[in-house]
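Please work through the following exercises with the sequence and the model at hand. Each task is followed by a solution in steps.

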Amino acid sequence: VPYLIEILDPIPGLNLYPSIYGDAISPLTAVTQGYIRDPDPIERIRNKRMASCRMCIEHNYGALFNLFRIMNREQNHQMFYNGESVYRLGIVCFLLLNCYTCFNGSTTSTLFDDFPAPSIAEYLPVDVDFEPYHPVELAREYNYGI
């Protein structure tokens, strides 16, 4: 996770970096936060709110595996030999899950009243001209057994 500090930009005006909430085994760094042990009353509230967010994320993973049964086939997920396919499958399934969320909402959006799930038109704007796609060779990065 230390590489995140190299690819993230600080929040303008605050000189703070966005952070990722990890579980108890995640190391605390400038861009990762975890459960605070022996919390004071304010930190106890933070721990509770962060645990709620984490549960929402776990629910999203549950939805991913329930909606896309292909994600449950262990023989398809051998990162060592088939990393590029596993990577692409994950990207496509998360894209489709995000589209599903546009139509049906999610538990995550209920935590953030000011940020409801976007409409499908906002998420996949069809009238925007994007730069052409430039394929990236993933096999060297994701197929470890070759």
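The exercises below proceed from the whole chain to single residues.

The model is predicted, so local features need pLDDT of at least 70 and side-chain atom pairs count only at pLDDT 80 or more, whereas totals for chains, interfaces and linings use all residues. Residues are numbered from 1 along each chain as its sequence is written, and side-chain values use heavy atoms, with hydrogens and water left out.

**Exercise 1. Confidence and architecture**

Determine which elements the chain contains, in what order they run, and which of them have the lowest and the highest mean pLDDT.

Solution. Begin with the elements, taken as DSSP runs numbered from the N terminus: helices are H or I with at least four residues, and strands are E with at least two. The chain has six helices and two strands. Read from the N terminus, their order is α-β-β-α-α-α-α-α.

Next, consider pLDDT, the predictor's confidence in each residue on a scale from 0 to 100. The average over the chain is 77, and 75% of the residues score at least 70. Among the elements, the lowest mean pLDDT, 58, belongs to helix 6 (residues 139–142), and the highest, 90, to helix 5 (residues 120–123). Where pLDDT is low, the predicted coordinates should not be read in detail.

**Exercise 2. Burial, surface and contacts of the whole chain**

State what percentage of the residues count as buried, and describe the accessible surface and the contacts of the chain.

Solution. Buried means under 20% relative accessible area, exposed over 50%, and partly exposed in between (1.4 Å probe, protein chains only). By this criterion, 18% of the 146 residues count as buried.

The accessible areas come from the Shrake-Rupley method with a 1.4 Å probe, and for residues only the protein chains shown count as cover. The accessible surface of the chain is about 11500 Å², and carbon and sulfur atoms hold 60% of this area.

For contacts, meaning heavy atoms within 4.5 Å, consider those with a separation of 6 or more: 47% of them join residues 24 or more positions apart.

**Exercise 3. The largest nonpolar core**

Identify the residues of the largest nonpolar core and the element that gives the largest share.

Solution. A nonpolar core is a set of buried Ala, Val, Leu, Ile, Met, Phe, Trp, Tyr and Cys residues joined through side-chain atoms within 4.5 Å. The largest one has six residues: Leu-64, Phe-68, Met-71, Leu-89, Cys-93 and Leu-97. Helix 3 supplies the largest share of this core, three residues.

Then follow one member, Cys-93. Apart from neighbours within four places in sequence, Cys-93 contacts Leu-64, Phe-68, Ile-70 and Met-71.

**Exercise 4. A nonpolar surface patch**

Find the residues that form the nonpolar surface patch, and the element that gives the most to this patch.

Solution. Patches are made of residues with over 30% relative accessible area and no salt bridge, with like charges joined within 9 Å and nonpolar side chains (Val, Leu, Ile, Met, Phe, Trp, Tyr) within 5 Å. A salt bridge is a side-chain nitrogen of Lys or Arg within 4 Å of a carboxyl oxygen of Asp or Glu.

Ile-57, Tyr-61, Phe-65 and Phe-94 make a patch of about 340 Å². Helix 2 contributes the most, three residues. Ile-57 is in helix 2 and is partly exposed, at 44% relative accessible area.

**Exercise 5. Single residues**

Is Leu-67 buried, partly exposed or exposed, and is Thr-101 buried or exposed?

Solution. Leu-67 belongs to helix 2 (residues 41–67); with a relative accessible area of 37%, Leu-67 is partly exposed. Beyond four places in sequence, Leu-67 touches Leu-97 and Tyr-100.

Thr-101 is in helix 3 (residues 79–104). Its relative accessible area is 16%, so Thr-101 is buried. Leaving aside neighbours within four places, Thr-101 contacts Ser-106 and Ala-117.

Asp-38 lies in the loop between strand 2 (32–33) and helix 2, and counts as exposed at 75% relative accessibility. Most residues other than glycine have a negative phi.
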